[in-house]
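Welcome, and take a moment to look at the model before reading on. The paragraphs below will walk you through it step by step.

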Amino acid sequence: MRHKFLAALAVVSAVSLSACSEKTEDSIENAGSAIGNDMSSAMDRAGDTIDNGLDDAGRAIDNGAARMGAATDEAAEDADRTADEAKRDVGDTLQEAGSDLKND
């Protein structure tokens, strides 16, 4: 009888260890899934942050390029005006010189 009792106790122990082992496996699996989900969320947030930073940088570059383009256009217009004024001044000076030569 003693052997039967020890055998039954061994079977009960094996079953409870098996159930405990399954619970442990489930806990480990759940913990692994939670860690994976946390990592995935963190990577998504990091990707979004990088995308937003790149978008901001692109807008800043576009704005800077537009300002430089406008400044370049304005400088070119100023240069054209200055060149036109210089041509008129030279023309006026040549006319005055021609008139002076006629009168002499």
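Here is a short tour, starting with the chain as a whole and moving on to its charged side chains.

This is a predicted model, in which local features need pLDDT of at least 70 and side-chain atom pairs count only at pLDDT 80 or more, while totals for chains, interfaces and linings use all residues. Residues are numbered from 1 along each chain as its sequence is written, and side-chain values use heavy atoms, with hydrogens and water left out.

Let us begin with the overall picture. The chain has one helix and zero strands; here helices (H or I, at least four residues) and strands (E, at least two) are DSSP runs, numbered from the N terminus. Of its 104 residues, 1% count as buried, where buried means under 20% relative accessible area, exposed over 50%, and partly exposed in between (1.4 Å probe, protein chains only). The chain exposes about 9,100 Å², with carbon and sulfur atoms supplying 59% of that area; accessible areas come from the Shrake-Rupley method with a 1.4 Å probe, and for residues only the protein chains shown count as cover.

Now for the charged pairs. How many salt bridges does a search of the whole structure find? The search finds two, a salt bridge being a side-chain nitrogen of Lys or Arg within 4 Å of a carboxyl oxygen of Asp or Glu.

One of them joins the side chains of R59 and D56, at 2.3 Å from N to O. Both residues lie in helix α1 (residues 2-103), three residues apart, which is about one turn of the helix. R59 counts as partly exposed because its relative accessibility is 46%, and D56 is partly exposed too, with 44%.

In the other salt bridge, the side chains of D78 and R81 meet at 2.1 Å, N to O. D78 and R81 also lie in helix α1, three residues apart, about one turn of the helix. D78 has 32% relative accessibility, so D78 counts as partly exposed; R81, at 44%, is likewise partly exposed.
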